[in-house]
Amino acid sequence: MRPYIFLAVNTAIFVCTFNKIYAFVVAAAWILIPYFAAPLLVSTDEKGNKYFRTIFYVAMLTAFLYLMHYDWIVIFQKIPYYKALKFLGLSYFLFREIDYTMQYGYLKETRVKLSFVDYFNYVTSFYTIMAGPILRYEEFVTDFYDETKAELSADDIISQMHRVVFGYIKLYVISSFMSFMSGYWFGRITEAGNIFKAVIIYLIFAAFNAGFIYFNFVGYCDVVTGAARLAGLTLRENFNKPYMARSMVEFWNRHHITLSEWIRDYIYSPIIKALLSGAFKKKLFQAQCCALFMTFLIAGIWHGTNFNYVVYGLLEGLGVVLSSVRTQKLKKKYGKKGLKEYEKRKGVIIFEHCWTLMYVAVSFSFVGYDVVGLLTGVVK
Amino acid sequence: MDTKSRLEEVFREVFDDEEIEITNEMTADDIEEWDSLTHVQLIVAVEEEFGCKFSTVEVMKLKNVGEFINLIDRKTGNA
């Protein structure tokens with residue numbers, strides 16, 4: 001009975017998000033096709049299978065890029081686009097559907113439940129329809145049918161409700177304030193008069209914007225995780241004090257963790273394996289840097305449709321590569337044990353915290369604000 | 001040499017530590033340097049040593065070193 005209750009609620013909420021009937025048709029195809037294609041993708045015929053798989057994923061990505069309507073992809077400007085086709089949750093559906101289709105062979109082998117109801121609940125789960133945490137299919141289904149789970153005690157219920165309420169406060173009070181402040185300072189950058197003042201104002205704006213992104217996303221995750229817990233679902237934790245990180249690599253291990261893990265498994269791993277068996281044989285470190293850069297660039301681009309997100313992706317890629325190169329260099333210089341001592345120095349701790357915070361704030365300033373437009377405006 | 005000792009050699013090389021001794025129950029939490037980046041490095045080194053290929057999903061599902069040894073044996077036909 002429980003899966004059908006979720007099915008009904010998920011469907012009802014999903015349908016409510018549609019503006020036009022066309023979006024409904026596209027969304028239905030977007031959900032149904034991967035489900036029915038998954039068994040075909042793992043059929044026994046190795047060679048035919050490989051072609052089919054390639055065609056499937058290329059088609060899926062092309063459709064995704066078209067539906068998202070990326071501003072800077074010229075070819076999409078030339079063909080007609082119907083805004084009504086886009087629907088809520090498209091980007092995150094993509095992650096879950098790739099996970100499902102990629103894992104299908106394994107899931108079948110290990111006899112994980114694969115019914116359409118479970119798949120539909122996984123993809124459209126209303127707790128996570130708008131954003132993360134990105135669960136894996138196996139994780140979702142195992143948790144959904146876990147009968148060993150202890151019933152929530154009165155204390156649990158209170159603490160989860162607290163989490164939801166505090167989540168709303170982060171979302172609607174703290175993050176709204178940060179958003180107001182960042183908007184205010186962003187508007188004042190062009191009125192600064194001289195470049196020095198402009199940079200200071202830009203940094204103030206960037207700091208508020210970074211605060212906004214953190215409280216907005218953490219608040220949202222608190223609300224959905226707490227609410228899901230009350231309905232008996234466990235969502236993985238998505239944040240672990242990200243602004244306490246001392247390097248960009250560490251930052252991405254603490255911020256939006258489920259996304260970092262997803263891109264590690266489905267973007268980074270295939271890229272580095274391809275590089276190591278191809279152009280970068282025996283050049284492990286170079287391959288690692290190259291793969292990291294490409295992974296974060298792709299992830300950055302996925303975040304939004306205008307050119308600012310390309311810059312954001314480039315900066316994130318550069319940030320993690322710089323951080324890996326630095327660690328590598330320090331390891332060579334001090335040795336493994338010496339590095340640990342080095343990391344305990346007060347000056348180093350302060351520098352690393354400041355650098356990471358600043359780098360995050362500057363790179364995040366391209367998220368949600370047209371900083372590229374601002375910069376090109378200045379140049380003109 | 002059996003799979004376990006060969007794998008141990010690979011671990012020592014990848015993590016640059018001659019004192020590592022692997023056990024079946026060992027996980028990424030037991031070796032400080034074992035993070036998502038060195039994990040991929042480890043997989044590639046194992047593939048080279050044992051002359052086999054693992055899929056992304058197979059690698060993702062490994063819960064400890066014991067399971068890794070089983071996977072290698074299955075792939076190389078030792079099991």
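H12(A) passes H13(A) in a right-handed crossing. A crossing is right-handed if the near helix is turned clockwise from the far one by less than a right angle, and left-handed if anticlockwise. The helices here are DSSP runs of H or I with at least four residues, strands are runs of E with at least two, and both are numbered from the N terminus. This is a predicted model, in which local features need pLDDT of at least 70, side-chain atom pairs count only at pLDDT 80 or more, and totals for chains, interfaces and linings use all residues. Residues are numbered from 1 along each chain as its sequence is written, while chains are lettered from A and ligands numbered from 1 in the order in which they are written.

**Helix pairs in chain A**

Helix H12 of chain A covers residues 284-302, and helix H13 of chain A covers residues 308-344. Their axes come within 7 Å and cross at roughly 155°. That makes H12(A) roughly antiparallel to H13(A). Axes are lines fitted to C-alpha atoms, for helices over the stretch in contact, and angles run from 0 to 180 degrees between N-to-C directions. Angles under 35 degrees count as roughly parallel, over 145 as roughly antiparallel, 65 to 115 as roughly perpendicular and the rest as oblique.

Which residues of H12(A) meet H13(A)? Among them are A:Phe285, A:Leu292, A:Phe293 and A:Phe296. On the H13(A) side, the contact includes A:Tyr309, A:Tyr312, A:Glu316 and A:Val320. Two residues are in contact if their C-beta atoms, placed from the backbone, lie within 7 Å. By class, this contact has 16 nonpolar, six polar and one charged residues. Ala, Val, Leu, Ile, Met, Phe, Trp, Tyr, Cys and Pro count as nonpolar, Asp, Glu, Lys and Arg as charged, and the others, Gly among them, as polar.

H13(A) also packs with helix H14 of chain A, residues 346-364. The angle is about 170°, and the axes are 11 Å apart. H13(A) and H14(A) are therefore roughly antiparallel to each other. H13(A) brings A:Tyr312, A:Leu315, A:Glu316, A:Gly319, A:Tyr342 and A:Glu343 to the contact. H14(A) brings A:Val348, A:Tyr359 and A:Ser363. Five of these residues are nonpolar, two polar and two charged. A:Tyr312 and A:Glu316 belong to the contact with H14(A) and also to the contact with H12(A).

**A loop residue in chain A**

Where does A:Ile79 lie? A:Ile79 is in the loop between helix H4 (74-78) and helix H5 (90-109) of chain A. A:Ile79 is exposed, with 7 other C-beta atoms within 10 Å. A:Ile79 and A:Tyr66 are 13 residues apart in sequence. In space they are 9.6 Å apart, C-alpha to C-alpha.

**The two chains**

Chain A has 15 helices and zero strands. Chain B has four helices and zero strands. From the N terminus on, the elements of chain B run α-α-α-α.

| Property | Chain A | Chain B |
|---|---|---|
| Span of the C-alpha trace along principal axes | about 60 × 55 × 50 Å | about 30 × 30 × 20 Å |
| Buried residues | 33% of 380 residues | 18% of 79 residues |
| Contacts at least 6 apart in sequence that join residues at least 24 apart | 70% | 53% |

**Inside chain B**

Helix H1 of chain B (residues 3-14) and helix H4 of chain B (residues 65-76) cross at roughly 115°. Their axes come within 10 Å. That makes H1(B) roughly perpendicular to H4(B). The crossing of H1(B) and H4(B) is right-handed. B:Thr3, B:Lys4 and B:Leu7 in H1(B) meet B:Ile69, B:Ile72 and B:Asp73 in H4(B). The contact divides into three nonpolar, one polar and two charged residues.

**Where the chains touch**

How many residues does each chain give to the contact? Chain B gives nine residues and chain A gives 12 residues. On the chain B side, helix H2 (36-50) and helix H3 (56-60) each supply at least two residues. The largest share of that side, five residues, comes from H2(B). The side of chain B that touches chain A has five nonpolar, three polar and one charged residues.

Notes:
Buried ≥ 20, exposed ≤ 12 C-beta atoms within 10 Å, placed from the backbone.
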